[in-house]
Amino acid sequence: MDADLALVIGLVVFGFSIPLIAGAISDGRAPRAAMIGLVLGGGLVLWALQQKPSGYRIDEIPGVFITVLARVIS
């Protein structure tokens, strides 16, 4: 797995975890699955940042998403 793919997967998992936390808290449940998603997503993002020595700038992230999506589709 390369750093770009790890970054995209991590951001998607991290993003889906936030509404899950809100839903679990509003239902009065413990957000266990959402917390696992946060940890996995955050871990993938941190791993991707460590693998790319120059790091990622905020304005590069949409391009990374498009590049990874194009690789997956083709």
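Me: What percentage of the 74 residues in the protein do buried residues make up?

Reply: Buried residues make up 26% of the 74, where buried means under 20% relative accessible area, exposed over 50% and partly exposed in between, with a 1.4 Å probe and protein chains only. Keep in mind that this is a predicted model, in which local features need pLDDT of at least 70, side-chain atom pairs count only at pLDDT 80 or more, and totals for chains, interfaces and linings use all residues. Residues are numbered from 1 along each chain as its sequence is written, and side-chain values use heavy atoms, leaving out hydrogens and water.

Me: Thanks! Why is Ser17 called buried?

Reply: Ser17 has a relative accessible area of 3%, and the cut-off is under 20%, so Ser17 counts as buried. Ser17 sits in helix H1; helices are DSSP runs of H or I with at least four residues, strands are runs of E with at least two, and both are numbered from the N terminus. Beyond its neighbours within four places in sequence, Ser17 is in contact (heavy atoms within 4.5 Å) with Ala34, Gly37 and Leu38.

Me: And what makes Leu49 partly exposed?

Reply: Leu49, in helix H2, has 38% relative accessibility. That value lies between the 20% and 50% limits, so Leu49 counts as partly exposed.

Me: Why are H1 and H2 called roughly antiparallel?

Reply: Their axes cross at roughly 155 degrees and come within 7 Å. Axes here are lines fitted to C-alpha atoms, for helices over the stretch in contact, with angles from 0 to 180 degrees between N-to-C directions. Angles under 35 degrees count as roughly parallel, over 145 as roughly antiparallel, 65 to 115 as roughly perpendicular and the rest as oblique, so H1 and H2 are roughly antiparallel. The residues of their contact divide into 16 nonpolar, six polar and no charged; Ala, Val, Leu, Ile, Met, Phe, Trp, Tyr, Cys and Pro count as nonpolar, Asp, Glu, Lys and Arg as charged, and the others, Gly among them, as polar.

Me: Which residues make up the largest nonpolar core?

Reply: Nine do: Ala3, Ala6, Leu7, Val8, Val45, Ala48, Tyr56, Val64 and Val68. Such a core is a set of buried Ala, Val, Leu, Ile, Met, Phe, Trp, Tyr and Cys residues joined through side-chain atoms within 4.5 Å. Helices H1 (3–27), H2 (32–51) and H3 (61–73) each give two or more residues to this core, and the largest share, four residues, comes from H1. Not counting residues up to four places away in sequence, Val45 touches Leu7, Gly10 and Leu11.
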